[in-house]
Amino acid sequence: MRMMGARTTPAELPVKPGAPVRARAWLRSAEARHQAWGYLFLAPMFVLLIVFKFIPMVQAFYLSLTSYDLLSPPKFVGLRNFVTLLEDPLFHQSVRVTAYYVFGTCVLIWFLALGMALIFNAPLPAKNTLRTIYFLPAIVPVVVYAIIWLFLFHPYGLLNVALHAIGLPAIQWLTDTRAVLPGFILAGLWRFVPYFMIIYLAGLQNIPHEYYEAAAIDGAAGAQAFRFVTLPLLRPTILLVVVVSIILMSKVFTNVLIITGGGPDGATRVLSLFIYQTGFQFFKMGLASAASIFLLFGTMTFTLLQLRLFREDARG
């Protein structure tokens with residue numbers, strides 16, 4: 001006889017006689033086969049993510065806690081590498097250079113790409129041809145892009161020729177510590193504004209035209225339609241552009257390595273280049289891994305902040 005208040009164990013729960021039958025029937029259904037095919041097609045990408053993303057991230061985190069010179073086995077040193085980074089003036093300089101480059105490039109990209117998308121979304125003659133020509137810098141290989149700008153930054157390059165033509169003095173783009181990073185920002189705009197312009201353009205073309213017709217009936221046109229129709233409906237695209245642009249700019253590496261190698265006097269030594277030089281030139285893989293973990297968490301923090309800000313703004 002069961003005592004009052006005693007708990008019923010799972011083995012004592014009544015079993016619905018039709019449940020196993022329904023489960024077997026669902027496993028034979030078209031929906032189950034459809035989901036199985038979906039997981040089967042996703043499996044290669046999951047494997048690639050695990051092998052080439054998650055496992056290296058775990059290994060980098062482990063190496064960040066060790067002293068490793070690529071020749072002898074790693075020695076566990078705890079958080080010493082992170083303490084060393086916080087006391088390293090070269091690391092501080094790299095963080096400042098990276099922040100300058102990322103925000104100096106991204107803020108201009110957000111506005112210029114949106115402006116160009118609005119222009120190319122308007123009725124224009126030969127619009128598709130113009131879009132294709134304007135998008136070409138985004139598909140140039142990064143090495144070619146770096147070499148093009150290496151020539152443009154030359155003291156007798158096209159940039160200084162243009163400055164001379166309008167009566168301005170020439171700029172030593174690659175040797176002046178005050179000019180070299182603005183030069184890289186200019187080169188970044190040349191390459192990435194077309195890329196993000198296409199993303200904005202896709203967002204603009206997904207806005208139903210009926211909204212603009214309704215706004216016109218209410219007397220809103222031009223700037224008012226942009227403010228009350230375009231911007232609210234473009235919010236997911238803006239969030240995508242902000243997040244992706246900051247991630248891309250924070251990983252800049254190849255063009256800096258080719259054009260200046262981090263100089264002059266460390267003025268373009270971004271964090272990715274600092275990690276490369278620390279790991280593969282000075283053979284301090286533990287310290288380089290700690291810097292890469294710092295870069296990872298910095299990027300994740302900015303991404304989460306942006307997601308939170310946009311979510312709160314959407315709630316109003």
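**Terms and their grounds**

Modeller: This is a predicted model. In it, the axes of helix 10 (residues 223-233) and helix 11 (residues 235-250) come within 4 Å and cross at roughly 55°.

Biologist: Why is helix 10 called oblique to helix 11?

Modeller: Angles under 35 degrees count as roughly parallel and those from 65 to 115 as roughly perpendicular. The crossing is at roughly 55°, and that makes helix 10 oblique to helix 11.

Biologist: Which residues make the contact of helix 10 with helix 11?

Modeller: Helix 10 contributes Leu 231, Pro 232 and Leu 233, while helix 11 contributes Arg 235, Pro 236 and Ile 238. Contact here requires heavy atoms within 4.5 Å.

Biologist: What makes up that contact by class?

Modeller: There are five nonpolar residues, no polar ones and one charged residue. Pro counts as nonpolar and Arg as charged.

Biologist: Turning to the pockets, what is the volume of the largest pocket, and which residues lie nearest its centre?

Modeller: The volume is about 910 Å³. The lining has 27 residues, and Lys 53, Met 57, Lys 251, Ser 292 and Leu 296 lie nearest the centre.

Biologist: Which helices each supply at least two residues of that lining?

Modeller: Helix 2 (30-63), helix 11, helix 13 (271-280) and helix 14 (285-315) do. The largest share, 10 residues, comes from helix 14. By class, the lining of the largest pocket has 17 nonpolar, eight polar and two charged residues.

Biologist: What lines the second largest pocket?

Modeller: That pocket holds about 260 Å³ of space. Its lining residues include Leu 118, Asn 121, Pro 123, His 209, Tyr 212, Gly 222 and Phe 226. Helix 4 (89-121), helix 9 (209-217) and helix 10 each supply at least two lining residues, with the largest share, three residues, coming from helix 10.

Biologist: How many residues of each class does the lining of the second largest pocket have?

Modeller: Eight are nonpolar, four are polar and none is charged. Gly counts as polar and Tyr as nonpolar.

Biologist: Finally, how does the radius of gyration of the chain stand against that of a compact globule?

Modeller: A compact globule of 316 residues would have a value near 20 Å, but the chain has 27 Å.

Definitions and conventions:
Residues are numbered from 1 along each chain as its sequence is written. This is a predicted model: local features need pLDDT of at least 70, side-chain atom pairs count only at pLDDT 80 or more; totals for chains, interfaces and linings use all residues. Side-chain values use heavy atoms; hydrogens and water are left out. Axes are lines fitted to C-alpha atoms, for helices over the stretch in contact, and angles run from 0 to 180 degrees between N-to-C directions. Angles under 35 degrees count as roughly parallel, over 145 as roughly antiparallel, 65 to 115 as roughly perpendicular and the rest as oblique. On a 1 Å grid over the protein atoms alone, a cavity is a set of points where a 1.4 Å probe fits but cannot get out, and a pocket is an open set with protein on both sides within 12 Å along at least five of seven lines; lining residues have an atom within 4 Å of a point. Grid points are joined across faces, edges and corners, and a volume is the space filled by probe spheres set on the points. The radius of gyration is taken over C-alpha atoms; the globule rule is 2.2 Å times the number of residues to the power 0.38.
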